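Here's a short walk through one part of this protein. Have the picture open and follow along from strand to strand.

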Amino acid sequence: ELKMNDSRGRSSSSSGRGGRSGRSGRGGGRGGGGGRGGKETTLELQQWMDSKVHVKCIGGRELQGTLRGYDDLVNLVLDDSVEFLRDPTDYETITNETRTLGLIVVRGTQVSLVCPGMEEISNPFEQAGNDDTEGDS
């Protein structure tokens with residue numbers, strides 16, 4: 001089931017199963033249901049809908065965009081997205097250069113981290129004069 005907001009901020013859901021609602025009745029899957037009343041999910045992405053998120057993928061790719069939708073498999077719909085490019089000499093290093101991607105779907109199997117916002121905060125451990133370098137006598 002894909003959860004998305006329309007242009008006016010209203011929530012909608014789509015099962016993506018050709019108009020059928022509910023499960024196929026085959027059972028199985030993770031947890032198997034076990035008679036529980038409601039389905040619990042580990043992710044709480046609803047609170048970040050229509051907000052900027054930073055996504056790290058398996059393999060090192062990093063993306064940033066506005067979260068427009070997601071599903072239980074962590075497939076993400078990002079709008080106004082950009083990819084942070086890597087340093088060509090050191091493939092592990094992400095540069096400040098970006099490539100505009102626009103509206104994309106990120107496969108849930110590739111998502112390793114979803115971080116809301118990416119505002120830089122001050123380091124509470126950083127001191128202006130480094131007064132803690134005095135030795136104990």
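In this predicted model, strand β3 (residues 52-57) pairs with strand β4 (residues 62-70) in the antiparallel sense, over 5 bridges. You can pick out one of the pairings by looking at Lys56, whose bridge partner in β4 is Glu62. Between the two strands of this hairpin sit 4 residues, and Gly59 takes a positive phi near 100° there.

Strand β3 has another partner too: 5 bridges join β3 to strand β7 (residues 111-116), and the two run antiparallel. Here, look for His54, which stands opposite Cys115 in β7.

While you're on β7, find Ser112, which lies in that strand. Setting aside neighbours within four places in sequence, Ser112 is in contact with Lys56, Cys57 and Ile58. As for Gly60, that residue is 52 residues away from Ser112 in sequence, yet their C-alpha atoms are 9.4 Å apart in space.

Now hop over to strand β5 (residues 76-86), where you'll find Glu83. With a relative accessible area of 9%, Glu83 falls under the 20% cut-off, so it counts as buried. Which side chains does Glu83 meet in polar contacts? One is Arg61, with a polar contact of 3.0 Å between the side chains, and another is Arg99, at 2.4 Å. Leaving out neighbours within four places in sequence, the residues in contact with Glu83 include Glu62, Leu63, Glu97, Thr98 and Leu101.

Key. Residues are numbered from 1 along each chain as its sequence is written. This is a predicted model: local features need pLDDT of at least 70, side-chain atom pairs count only at pLDDT 80 or more; totals for chains, interfaces and linings use all residues. Side-chain values use heavy atoms; hydrogens and water are left out. Two strands pair if DSSP finds at least two bridges between them. Contact means heavy atoms within 4.5 Å. Buried means under 20% relative accessible area, exposed over 50%, partly exposed in between (1.4 Å probe, protein chains only). A polar contact is a pair of N or O atoms within 3.5 Å; within protein, one must be able to donate a hydrogen and the other to accept it, and residues adjacent in sequence count only if both atoms are side-chain atoms.
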